[in-house]
Amino acid sequence: MELSFKHHIGLVCIILLFPALCYCQEYTKSRATFYSTSDGYGTPTGACGFGEYGRKMNWYDGSVAGVSGLWRNGVGCGTCYQVKCLIENLCDENGAYLAATDQGYGDNTDFVMSPRAFTQLGHDENAYEELKKYGTVDIEYRRVPCSYTGNVVFYIKESSSNPGYFAVVILNVNGINDVTAVELWQSGEWKALNRNYGAVFDFANPPSGEIRLRFKVSGMSDWVDPRIVIPSYWQPGSTYVTEVQLK
C-alpha cells in the first residue's frame, strides 16, 4: 500500500474540491532530522493534542513529524507533506509522506521526523542506516493533500468534564484543508470555541444535553456541517465519527 501510494500521488497538480481547481506547490529546500521512540511511531504527547492517535495518524502509520515554521500556532496540525532528502545514492526518489503532529526544532530544520518517517527517506535499509549517521540532512518538501482513511472524527479530549468544560480535536481532515474555526450551538446562536493549543479547541460551560458543532476550513467559504450531534452522555476520551469526508 505504501509503495503504490507513493507512486500514485507523485503528481504535479491535485484536483481539490472542484474539478476546475488545481492545487500546485513547488518544493522548498530545508533540513530535517529525527527523534527516537521505542517502536518507531510518533509520540502521544505531541503539542497538537492528538494523544494516542498522534502516534500513528491513521493511514500514515507512524510517519509523522514535529514542525517548526509550518506549525503556524497550531493551524498546521494534521497537515501533510512530501519530504525528500538530497544525498545522491542514498535517497528515495519519492521520499516520505508524513503528517504534522507536533512542534519541533532542530539545527535549522523544518521537520523533526519519527523513525518511521525518516526511514522512508532512504531507498533501502542500508541507505537509511547511512542517513542516520548524518543526523540532519538537506531536504526538499512540499505540502500535499492528506489521505486519511474514513470520515472526519470529533475526539473529546481527556481534559474535558461533562458538564463544565468541553475540549475537542477534529481528526481525519483530508485534502489541503486547515481547520481555522469551530463553533458550538448554544441558546439559539453559534458561539466560537477558543483554540487552546495545537489542534485543541475548547469551550467553558458548554450546554447540557447534546452538543452541536460546526467547523470552518481554509479554502471553503461555508461552514462544514458534520451532520451529527454529540450525545448528552459524552465522556472525555470519546470519539464520534461524523458523516463528512473532506477531499
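Reply: Begin with a term: a nonpolar core is a set of buried Ala, Val, Leu, Ile, Met, Phe, Trp, Tyr and Cys residues joined through side-chain atoms within 4.5 Å. Keep in mind that this is a predicted model.

Me: Which residues have the most contacts inside the largest nonpolar core?

Reply: In soluble globular proteins, nonpolar side chains tend to be buried together. Here the largest such core has 45 residues, and Tyr60, Phe111, Met113, Leu121 and Leu131 have the most contacts inside it. Strand S6, residues 96–103, gives the most to this core, with 5 residues. At least three residues come from each of domain 1 (28–144) and domain 2 (153–241).

Me: What is Met113 in contact with, leaving aside its neighbours within four places in sequence?

Reply: Its contacts beyond those neighbours include Phe34, Tyr35, Val64, Leu98 and Leu121.

Me: Which residues does the second, separate core include?

Reply: That core has 24 residues, and Leu193, Phe201, Phe215 and Trp234 are among them.

Me: Now the strands. What is the order of the open sheet of 3 strands?

Reply: Strands of a sheet pair through backbone hydrogen bonds, either parallel or antiparallel. In this open sheet the order is S12-S11-S15, and the pairing is antiparallel. Strands S12 (189–192) and S15 (213–217) are the edges, each pairing on one side only. Neighbouring strands of the sheet are turned by 30° against each other on average, direction ignored.

Me: How many bridges join S11 and S15?

Reply: Strand S11, residues 179–186, pairs with S15 over 5 bridges in the antiparallel sense. For Val179, the bridge partner in S15 is Val217.

Technical notes
Residues are numbered from 1 along each chain as its sequence is written. This is a predicted model: local features need pLDDT of at least 70, side-chain atom pairs count only at pLDDT 80 or more; totals for chains, interfaces and linings use all residues. Side-chain values use heavy atoms; hydrogens and water are left out. Two strands pair if DSSP finds at least two bridges between them. Helices (H or I, at least four residues) and strands (E, at least two) are DSSP runs, numbered from the N terminus. Axes are lines fitted to C-alpha atoms, for helices over the stretch in contact, and angles run from 0 to 180 degrees between N-to-C directions. Buried means under 20% relative accessible area, exposed over 50%, partly exposed in between (1.4 Å probe, protein chains only). Domain bounds come from an automatic or database domain assignment. Contact means heavy atoms within 4.5 Å.
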